[in-house]
Amino acid sequence: MCGRFTLTVEPGQLRETFSWLDIPDELTPRYNVAPTQPVAVVPNDGKNKLDFFVWGLIPSWAKDPQIGSRMINARAETLAEKPSFRAAYRRRRCLVLADGFYEWRKEPGGGPKTPMYIQMESREPFAFAGLWETWYSKDGDKILSCNIITTEPNELIAKIHNRMPVILPPDVYNEWLAPEERQPEKLDFLLKPFPAQDLIAYPVSKTVNSPKNELPECILPV
């Protein structure tokens, strides 16, 4: 799964990587993004504009928006089958921007897991594949929400966890963000493990274990 990630880079660096994207000047560095919080998203609405959605997908038919806290991730292998995800997979896809993510590694003999920070070897920002939805309350209040798609781990992540988020290479952004409805068989090939040789991973402080800790220390190696 993917339960925490970061987006620490300044707007200028994001614009260098995502030159086609309308990015606001006011972006607060995020060192410990957690579920139910706002995350930076590019929906496939044709506007190419960065927006902020709640992390945790709330289907339009949900009676209680709290369901989103249980749907922060979606398995790539079952997107086309799950009632919560199949319509969004066809019609409402998005990029979730990040520059690193965390996983917790089991240690031999048990004991506390070790938090690991994973990022591009180049340290550049990147995009997870995600889905998005619009939910309305009985009073007409609107919530835009999203999740992150996961897949089997590559050789690097397999030493840490049995799943990893889908990181999309830039040359498939247009295909993933196409606003028209797409059939699952036309998209499934995109949802594969990112090459291990392009990522690095290192242990970090247990400071990151609490989502209350939004500090640069979260990403420092130990």
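Predicted model: local features only at pLDDT ≥ 70, side-chain atom pairs only at ≥ 80, totals over all residues.
View 1. Strand 1 and strand 2 (residues 30–33) are paired in the antiparallel sense over two bridges. Within this pair, phenylalanine 5 stands opposite valine 33 of strand 2. Strand 1 is also paired with strand 7 (residues 100–105), again in the antiparallel sense, over three bridges. Here arginine 4 stands opposite tyrosine 102 of strand 7.

**View 2. The two faces of strand 1 (residues 4–7).** In a regular strand, side chains alternate between the two faces of the sheet. Arg4 and Thr6 lie on one side of strand 1, and Phe5 and Leu7 lie on the other.

**View 3. The largest nonpolar core, with 37 residues.** The members that touch the most other members are Leu95, Leu97, Ile149, Leu168, Trp176 and Leu191. Elements giving two or more residues to this core include strand 3 (38–43), helix 2 (86–91) and strand 6 (93–98). Strand 9 gives the most, with four residues. Beyond its neighbours within four places in sequence, leucine 97 is in contact with residues including Phe5, Leu7, Val42 and Phe126. Apart from this core lies another, of 26 residues, among them Val39, Met116, Trp132 and Ile157.

**View 4. Alanine 196 in the loop between helix 3 (173–176) and strand 13 (199–203).** Alanine 196 counts as buried because its relative accessibility is 15%, and buried means under 20%. Leaving aside neighbours within four places in sequence, alanine 196 is in contact with Asn154, Glu155 and Leu156. Lysine 138 is 58 residues from alanine 196 in sequence and 46 Å from it in space, C-alpha to C-alpha.

How values were computed:
Residues numbered from 1 in each chain as written. Heavy atoms only, no water. Buried < 20%, exposed > 50% of the residue type's maximum accessible area, 1.4 Å probe, protein only. Contact = heavy atoms within 4.5 Å. Core = buried A, V, L, I, M, F, W, Y, C linked by side-chain atoms within 4.5 Å. Pairing = 2+ DSSP bridges.
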